[in-house]
Amino acid sequence: MTVFMIVALMGLMFIGRGVYVFRSEKAKPFGFWANAETPPISDVREYNRALGKLWIVFGSFFILFGIPLIAGQNSPFAVLSILGIVLESIIALGVYTIGIEGKYRDK
């Protein structure tokens with residue numbers, strides 16, 4: 001149960017970040033990668049909204065994949081959590097790189 005609470009807290013942090021980015025009115029695009037420069041973006045507002053949606057969906061599924069951890073760390077269902085979160089992260093990277101950055105990058 002403790003592990004699920006930690007996963008849920010992390011998921012809520014992702015969702016909070018997503019809401020902040022989604023609602024932001026800043027003229028500067030938010031970054032996806034840690035310590036990396038954001039590429040030149042054509043429509044910053046729409047880019048930030050798309051990135052915010054990605055973080056909200058990511059955080060929601062992060063919490064959802066944490067539910068099997070309620071049964072305990074030694075449960076065979078814990079593997080579903082681990083594999084689900086890894087797969088979700090890979091999909092999020094693809095959605096950002098191909099979908100969001102590909103659409104809004106200045107050409």
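Visitor: Which residues line the largest pocket?
Guide: This is a predicted model, and in it the largest pocket is lined by R17, K28, P29, F30, G31, F32, W33, A34, A36, E37 and T38.

Visitor: And what volume does the largest pocket have?
Guide: About 180 Å³.

Visitor: How does the lining of the largest pocket divide by class?
Guide: Six of the lining residues are nonpolar, two are polar and three are charged.

Visitor: Let's take R17 from that list. Where does R17 lie?
Guide: R17 lies in helix 1. Its relative accessibility is 37%, so R17 counts as partly exposed.

Visitor: What does R17 contact, leaving aside its neighbours within four places in sequence?
Guide: R17 is in contact with F30, G31 and W55. Of these, F30 and G31 also belong to the pocket lining.

Visitor: Which residues line the largest cavity?
Guide: They are G31, F32, W33, A36, E37, T38, P39, Y47 and Y96. By class, that lining has six nonpolar residues, two polar ones and one charged one.

Visitor: I see W33 and Y96 in there. Why is the pair of W33 and Y96 called edge-to-face?
Guide: The structure holds 13 aromatic pairs. In this one, the ring planes stand at 80 degrees and the centres are 6.2 Å apart, so W33 and Y96 make an edge-to-face pair. The cut-off for that label is over 60 degrees.

Visitor: Which parts of the chain does the pair link?
Guide: Distant ones: W33 sits in the loop between helix 1 (2–23) and helix 2 (44–66), while Y96 is in helix 3 (residues 78–104), and the two are 63 residues apart.

Visitor: Is W33 buried or partly exposed? And what about Y96, buried or exposed?
Guide: W33 has a relative accessible area of 42%, so W33 is partly exposed. Y96 is at 1% relative accessibility and therefore counts as buried.

Visitor: Which aromatic cluster do W33 and Y96 belong to?
Guide: One formed by F14, F32, W33, Y47, W55, F58, F62, Y96 and Y104.

Visitor: Changing topic, I'm curious about N48. Where is N48 found, and is N48 buried or exposed?
Guide: N48 is found in helix 2, and at 1% relative accessibility N48 counts as buried.

Visitor: What does N48 touch?
Guide: Not counting residues up to four places away in sequence, N48 touches V21, F22, K26, K28, P29 and F30.

Visitor: Now the whole chain. What secondary structure does the chain have?
Guide: Three helices and zero strands, in the order α-α-α from the N terminus on. The C-alpha atoms fill a box of roughly 50 × 25 × 20 Å along the principal axes. Of the 107 residues, 36% are buried.

Visitor: What share of the contacts with a separation of 6 or more comes from residues 24 or more positions apart?
Guide: That share is 65%.

Visitor: Last one: what pLDDT does the chain average?
Guide: The average is 92, and 100% of the residues score at least 70.

Terms used
Residues numbered from 1 in each chain as written. Predicted model: local features only at pLDDT ≥ 70, side-chain atom pairs only at ≥ 80, totals over all residues. Heavy atoms only, no water. 1 Å grid on protein atoms, 1.4 Å probe; cavity = no way out; pocket = protein on both sides within 12 Å on 5 of 7 lines; lining within 4 Å. Points joined across faces, edges and corners; volume = space filled by probe spheres on them. Nonpolar A, V, L, I, M, F, W, Y, C, P; charged D, E, K, R; others polar. Phe/Tyr/Trp six-rings, centres within 6.5 Å; stacked < 30°, edge-to-face > 60°. Helix = DSSP H or I, 4+ residues; strand = E, 2+ residues; numbered from the N terminus. Buried < 20%, exposed > 50% of the residue type's maximum accessible area, 1.4 Å probe, protein only. Contact = heavy atoms within 4.5 Å. pLDDT = per-residue confidence, 0-100.
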